[in-house]
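Have the sequence and the coordinates open as you read.

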Amino acid sequence: MKALLLIDIQNDFLPGGALAVPEGDAIIPIVNKLQEQFDLVVATQDWHPENHKSFASNHTGKSAFEVIELQGLEQVLWPDHCLQGTNGAAFSEAVDMRKVEVIFRKGMSPEIDSYSGFYDNGHLKSTGLTDYLRSKEVTEVYLAGLAADYCVYFTAKDALQEGFKAFVIEDATRAISPEGFDKAKADIESKGGKLVQSHTIIK
Ligand code: VGL
Ligand code: ZN
């Protein structure tokens, strides 16, 4: 069984949002078309409380995009984004959510960030995505969404570590930093993951 994972296609990561990914909206028609080819579609949703430590606003004297250490891990400080219950945290109205069976939320603990749909960045707590996918006999996951160099990348790495085959659909994602995505792609491939184009999936 194959599953399509839609990663964080939320207003704050789209043009006009608090942490807009350049051209993030370009993926939406592709994501909607891709869904026709999958019997299982799940989504992740970045879902932060206002005291989240990934926000620069919660560190006196720090600015967005500075890097600090948090729980022994490198942490990029972000603009406030995806605040629980706000329009910025909502899925874009343009994304077809009718086939999405389950939404896995992440980033609720104020003390640690959570890029991956499977675990927080310290691998301390699971979201339940692995067990869910295994219960559906999924062996291959296809990834689309935002951002390519953060949440898509970390989700792909964890998928591989959990023993799934992982395919990142390159034209169905966009990066915060293109250089960051080049590194991420090399790492994904070195771990056995694959980069694919949507036209190889869409019939
Ligand atoms: C993301 C930065 C902070 C993402 C989430 O969805 O890629 N990036 N929170
Ligand atoms: Zn976040």
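Start with L19, which sits in the loop between β1 (2-7) and α1 (28-34); helices (H or I, at least four residues) and strands (E, at least two) are DSSP runs, numbered from the N terminus. This is a predicted model, where local features need pLDDT of at least 70, side-chain atom pairs count only at pLDDT 80 or more, and totals for chains, interfaces and linings use all residues. Residues are numbered from 1 along each chain as its sequence is written, while chains are lettered from A and ligands numbered from 1 in the order in which they are written.

Is L19 buried or exposed? L19 counts as buried because it has 22 C-beta neighbours inside 10 Å (20 or more is buried, 12 or fewer exposed, in between partly exposed, with C-beta atoms placed from the backbone).

| Residue | Contacts |
|---|---|
| L19 | D12, F13, W78, P79, H81 |
| L143 | L5, I7, V152, T155, A156, A166, F167, V168, I169 |

L143 also features in the largest nonpolar core, which has 52 residues, and is among those with the most contacts inside it, along with V141, A144, A147 and V152. Such a core joins buried Ala, Val, Leu, Ile, Met, Phe, Trp, Tyr and Cys residues through C-beta atoms within 7 Å. α3 gives the most to this core, with eight residues.

Methods
Two residues are in contact if their C-beta atoms, placed from the backbone, lie within 7 Å. Lists of a residue's contacts leave out its neighbours within four places in sequence.
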